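Good morning, everyone. Please take a look at the model on the screen, and then I'll walk you through it.

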Amino acid sequence: MTSTRRYFDKHARAFDGLYARPGAVACLRRGPERGRELAASVVARHPAPSVLDVGCGPGRVAEAVVHAGAATYVGIDVSPQMLALARRRLEGCESVELLEGDFLDSDLSESFDVVLALGLFDYLEDPARAAAWLRARCSSTLVASFTRWDWVKGPLRHLWYEVLHRCPVYDYTDAGVEELLATAGFSSVQFAWRGRRGFLVCATP
């Protein structure tokens, strides 16, 4: 995941800004905010849940889920620059632990009530292995986002990531995600939001 780490180290502040931009730009890039809102709403439905956030980024989602009632929060990310932003944002939150590295190589073995995978699968070469890893650590609800191919944005997205920044990205279909998560051991997959360019799912074991 070296190329992915390099990309997010370079663009950490720009990605963080997607949550804060006002006006037309925010309307055009609602994906991160939708994911954060869904994560917070799922956490709020659990009594003092433990939360694992894989690909936690700059800590914007962590802020929301801690405020929504998470008893403990563990975030993991490959990007040191993303984690630096998260640590500054979450300074003083004793219930928060932030880890650097590839989650697939981590020694996390405990299970969590809520597992978040927002903006994660877009960059995974082996989504089946990742889904199985997430299932093994999810005791109640997985919240995940997926990007679908769009003939307007798709070519530009692949040009930006793969050609200009050598960062591979991947697209998904609704049926493909249902099969992916079912194979990993999730018994129920519900689409919380569907859009032309992506979708959000909640899955349960």
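**A cavity, some salt bridges and a patch**

Let's start inside. Thr147, Arg148, Trp149, Asp150, Lys153, Gly154, Arg157, Asp171 and Arg197 line the largest cavity. Keep in mind that this is a predicted model. How many cavities of 30 Å³ or more are there? The count comes to 1. The volume of the largest cavity is about 40 Å³.

What kinds of residues make up the lining of the largest cavity? There are 6 charged, 2 polar and 1 nonpolar. Helix α8 gives the most to this lining, with 3 residues.

Now stay with Arg148, one of the lining residues. Arg148 forms a salt bridge with Asp174. Their closest N and O atoms are 2.6 Å apart. This pair links distant parts of the chain. Asp174 lies in helix α9, residues 174-184. Arg148 lies in the loop between β5 and α8. They are 26 residues apart. Buried or exposed? Both Asp174 and Arg148 are buried.

Next, the salt bridges as a whole. The structure holds 10 of them. Asp16, Arg60, Glu63 and Arg89 are linked in a network of salt bridges.

Take Asp16 and Arg60. Their side chains meet in a salt bridge, with 2.7 Å from N to O. Arg60 is in helix α5, residues 60-67, and Asp16 is in helix α2, residues 12-17, so this pair ties together parts that are 44 residues apart in sequence. Are these two buried or exposed? Buried means under 20% relative accessible area. Arg60 has 16%, so Arg60 counts as buried. Asp16 has 9%, so Asp16 counts as buried too.

Asp16 also forms a salt bridge with Arg89. Here the closest N and O atoms are 3.1 Å apart. Again, the pair links distant parts of the chain: Arg89 in helix α6, residues 80-89, and Asp16 in helix α2, 73 residues apart. Arg89 has a relative accessible area of 24%, so Arg89 is partly exposed.

Last stop: the surface. Leu156, Leu159, Trp160, Val163 and Leu164 form a nonpolar patch there. Together they have about 500 Å² of accessible area. Where does Trp160 lie? In helix α8, residues 153-164. Trp160 has a relative accessible area of 36%, so Trp160 is partly exposed.

Definitions and conventions: Residues numbered from 1 in each chain as written. Predicted model: local features only at pLDDT ≥ 70, side-chain atom pairs only at ≥ 80, totals over all residues. Heavy atoms only, no water. Patch = residues over 30% accessible without salt bridge, like charges linked within 9 Å, V, L, I, M, F, W, Y side chains within 5 Å. Areas by Shrake-Rupley, 256 points an atom, 1.4 Å probe, with all protein chains shown as cover. Salt bridge = Lys/Arg side-chain N within 4 Å of Asp/Glu carboxyl O. Helix = DSSP H or I, 4+ residues; strand = E, 2+ residues; numbered from the N terminus. Buried < 20%, exposed > 50% of the residue type's maximum accessible area, 1.4 Å probe, protein only. 1 Å grid on protein atoms, 1.4 Å probe; cavity = no way out; pocket = protein on both sides within 12 Å on 5 of 7 lines; lining within 4 Å. Points joined across faces, edges and corners; volume = space filled by probe spheres on them. Nonpolar A, V, L, I, M, F, W, Y, C, P; charged D, E, K, R; others polar.
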